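Open the model in your viewer and keep the selection panel at hand. The tour goes from the whole chain to single side chains.

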Amino acid sequence: MATTDRTDGTQAGRKDKTMSMKAAVAAFVHDGDTVCLEGFTHLIPTAAGHEIIRQGRRDLTVVRMTADIVVDQMIAAGCVTRLVSSFVGNSSAGSLGELRRRVESADPEPLAFEEYSHYGMICRYLAGSQRLPFYPLRSYGGSDLPSVNSDLRKVTSPYPGPDGEPEQIYVVPPVNPDVTIIHAQRADRSGNTQMWGLTGIQAEAVYAARKAVVVVEEIVDDEVIRSDPNRTLVPAHAVDAVVCCPRGAHPSFAQGYYDRDNAFYRAWSHISKDPRRLQDWLDEWVHGTADHAEYVDKLGEEFWAGLAVGEALSEPVNYGRRL
């Protein structure tokens, strides 16, 4: 049975959803939106964040389980007024200067921050993707997070506990972004998206959203996707746009395509510590480039050669069937 696209009912497998990054951001990211950017250390949608900055989006709520450099950049660019996250930091390499200034000193203006645990964020995505009113979890017992986040609440279980009495348990609300943007290794033109290596909560984040944009290193033929179907984490019927943007996860990495730019992570702590230096970086590398392809060219092929990776091929799988 053919799957159907959730927006117009056409057969998803026959619809070409490819768009440029500029067109996808213009179509699906609007001032005041709740925007989810997911990718756990790996496959971070940095290029999408940069295009949001270029287009001058304002008053965004950004949902990202591990808020890191791209979020710091979007905050510094004036795009973000609220952050929903379970971790903020420069991925073992230091701090996020702009985020710290906003949260600690309201400098140059405050940033609303909703804090959850990692698993709390996962549960929010699970509730959102399943259209549930909340999701239960035990891990806030004994935590002080409920004292700083009033959305961490308790409900009475409808079932008796081990002692025969109803149990009080913490719950978190669903998150349903206006748009989720993820980065992946490859997809076909209709949006069947494959990724491998270190993955996170991308599929649930896509299903939780009203719209979804998938950014990929390359667009491949349908036959490539069909040859390895179990690697498809996000199916076409959940995707509204596919953007081909090679090297679009930099400075994070894309398994099998390029390595993590550890030098940039180390440098970012010094860049973001100085507000003027941070704005100069944005002016040169984001506002000063027309798109991500120009950003990539500006870094130069010698730079990219330093992030090149060798082959570590997966063993083929036989999906044999009766003839």
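What share of the contacts in the protein chain with a separation of 6 or more comes from residues 24 or more positions apart? Such pairs account for 72% of them, where contact means heavy atoms within 4.5 Å.

This is a predicted model: local features need pLDDT of at least 70, side-chain atom pairs count only at pLDDT 80 or more, and totals for chains, interfaces and linings use all residues. Residues are numbered from 1 along each chain as its sequence is written, and side-chain values use heavy atoms, with hydrogens and water left out.

**Whole chain.** Show the cartoon. The protein chain has 11 helices and 14 strands; these are DSSP runs, with helices (H or I) of at least four residues and strands (E) of at least two, numbered from the N terminus. The radius of gyration is 21 Å, close to the 20 Å from the globule rule for 323 residues, so the chain is as compact as a globular protein of that length. That radius is taken over C-alpha atoms, and the rule is 2.2 Å times the number of residues to the power 0.38. Along the principal axes, the C-alpha atoms fill a box of roughly 65 × 60 × 40 Å.

Switch to burial. Of the 323 residues, 48% are buried (under 20% relative accessible area; exposed is over 50%, partly exposed in between; 1.4 Å probe, protein chains only).

**Select 69-76.** This is helix H3, and eight of its eight residues are buried. Among them are Asp72 and Gln73.

**Select the cysteines.** Cys79 is buried, at 0% relative accessible area. Now pick Cys244. Its sulfur is 7.6 Å from the closest cysteine sulfur, in Cys245, which is too far for a bond. Cys244 is partly exposed, at 40%.

**Select Asn192.** Asn192 sits in the loop between strand S10 (179-187) and strand S11 (193-194). Its side chain makes a polar contact with the side chain of Ser190 at 3.4 Å (N or O atoms within 3.5 Å; within protein, one able to donate a hydrogen and the other to accept it, and residues adjacent in sequence count only if both atoms are side-chain atoms). The Asn192 side chain also reaches the backbone nitrogen of Ala236 at 2.9 Å. Leaving out residues up to four places away in sequence, Asn192 touches several residues, including Arg186, Ile225 and Pro235.

Key: A disulfide is a pair of cysteine sulfur atoms within 2.5 Å.
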